[in-house]
Amino acid sequence: MVTRITDEEWDKLSPENFETHSLLRAVDAVDELRADLNDGGYATPPQLRTDLLKLHQLAMAVINEGSRSQVASLFELASDLDEQVSHMMTNLEEVQATLSQLTALYPDSLCYGGLDGDK
């Protein structure tokens, strides 16, 4: 099935309106996330999951049980994870911005089943 778009819509699909290399930068951003989100060796869960569970354990000890001796560990781990997740969000925002830039070029005629005439 050939999808047809208007000449005006076709003209928008140009290097001036979208740099295709940005998709490769999005792939690089996802690759950086893989280290944080991939399962480890022998199907161990991602380290981020393990660290969040450890943070929960520390928070339970400090907040629910009043363990003052673990306050420093709680906030050190929380800060480390906040920085890690912030970096992940930056990568995801780069991917999202790239996809939004491309989808902004979505031809209206594709919403209506295409037009006659192949260009």
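# A tour around helix H4

Select Asn91 first: leaving aside neighbours within four places in sequence, Asn91 is in contact with Ala29, Glu32 and Leu33. This is a predicted model. Asn91 sits in helix H4. Is Asn91 buried or exposed? Asn91 has a relative accessible area of 6%, and because the cut-off for buried is under 20%, Asn91 counts as buried.

**Stop 1: H2 against H4**

Now select residues 21–37, helix H2, and residues 71–103, helix H4. The two pack with their axes 9 Å apart. The angle between them is about 150 degrees. H2 is therefore roughly antiparallel to H4, since angles over 145 degrees count as such. The crossing of H2 and H4 is left-handed.

Show side chains at this contact. On H2, pick Ser22, Leu23, Arg25, Ala26, Ala29, Val30, Glu32, Leu33, Asp36 and Leu37. On H4, pick Gln84, His87, Met88, Asn91, Leu92, Glu94, Val95 and Thr98. Colour them by class: the contact of H2 with H4 has nine nonpolar, five polar and four charged residues. Asn91, where the tour began, is one of the H4 residues here.

**Stop 2: Gln84**

Move along to Gln84, also in helix H4. Which residues does Gln84 touch, leaving aside neighbours within four places in sequence? They are Asp36 and Leu48. Next, draw a distance from the C-alpha atom of Gln84 to that of Leu33. It reads 10.0 Å, for two residues 51 places apart along the chain. Gln84 is listed in the contact of H4 with H2, and again in the contact of H4 with H3.

**Stop 3: H3 against H4**

Select helix H3, residues 47–64. The axes of H3 and H4 come within 9 Å. They cross at roughly 145 degrees. H3 passes H4 in a left-handed crossing.

Display the contact residues. H3 gives Leu48, Asp51, Leu52, Lys54, Leu55, Leu58, Ala59 and Val62. H4 gives Val71, Ser73, Leu74, Leu77, Ala78, Leu81, Gln84, Val85 and Met88. By class, the contact of H3 with H4 has 13 nonpolar, two polar and two charged residues.

**Stop 4: the core**

In soluble globular proteins, nonpolar side chains tend to be buried together. Which residues make up the largest nonpolar core here? Select Leu33, Leu48, Leu55, Leu58, Val62, Leu74, Leu77, Leu81 and Met88, nine residues in total.

Centre on Leu55. Not counting residues up to four places away in sequence, Leu55 touches Leu74, Leu77, Ala78 and Leu81.

**Stop 5: the H3–H4 loop**

Step off the helices to Ser67, in the loop between H3 and H4. Ser67 is buried, with a relative accessible area of 18%. Beyond four places in sequence, Ser67 touches Ala61 and Val62.

**Stop 6: out to H5**

Finish at Asp108, in helix H5, residues 108–111. Asp108 is exposed, with a relative accessible area of 52%.

Notes. Residues numbered from 1 in each chain as written. Predicted model: local features only at pLDDT ≥ 70, side-chain atom pairs only at ≥ 80, totals over all residues. Heavy atoms only, no water. Axes fitted to C-alpha atoms, helices over the stretch in contact; angles between N-to-C directions. Helix = DSSP H or I, 4+ residues; strand = E, 2+ residues; numbered from the N terminus. Parallel < 35°, antiparallel > 145°, perpendicular 65-115°, else oblique. Left-handed = near helix turned anticlockwise from the far one by under 90°. Contact = heavy atoms within 4.5 Å. Nonpolar A, V, L, I, M, F, W, Y, C, P; charged D, E, K, R; others polar. Core = buried A, V, L, I, M, F, W, Y, C linked by side-chain atoms within 4.5 Å. Buried < 20%, exposed > 50% of the residue type's maximum accessible area, 1.4 Å probe, protein only.
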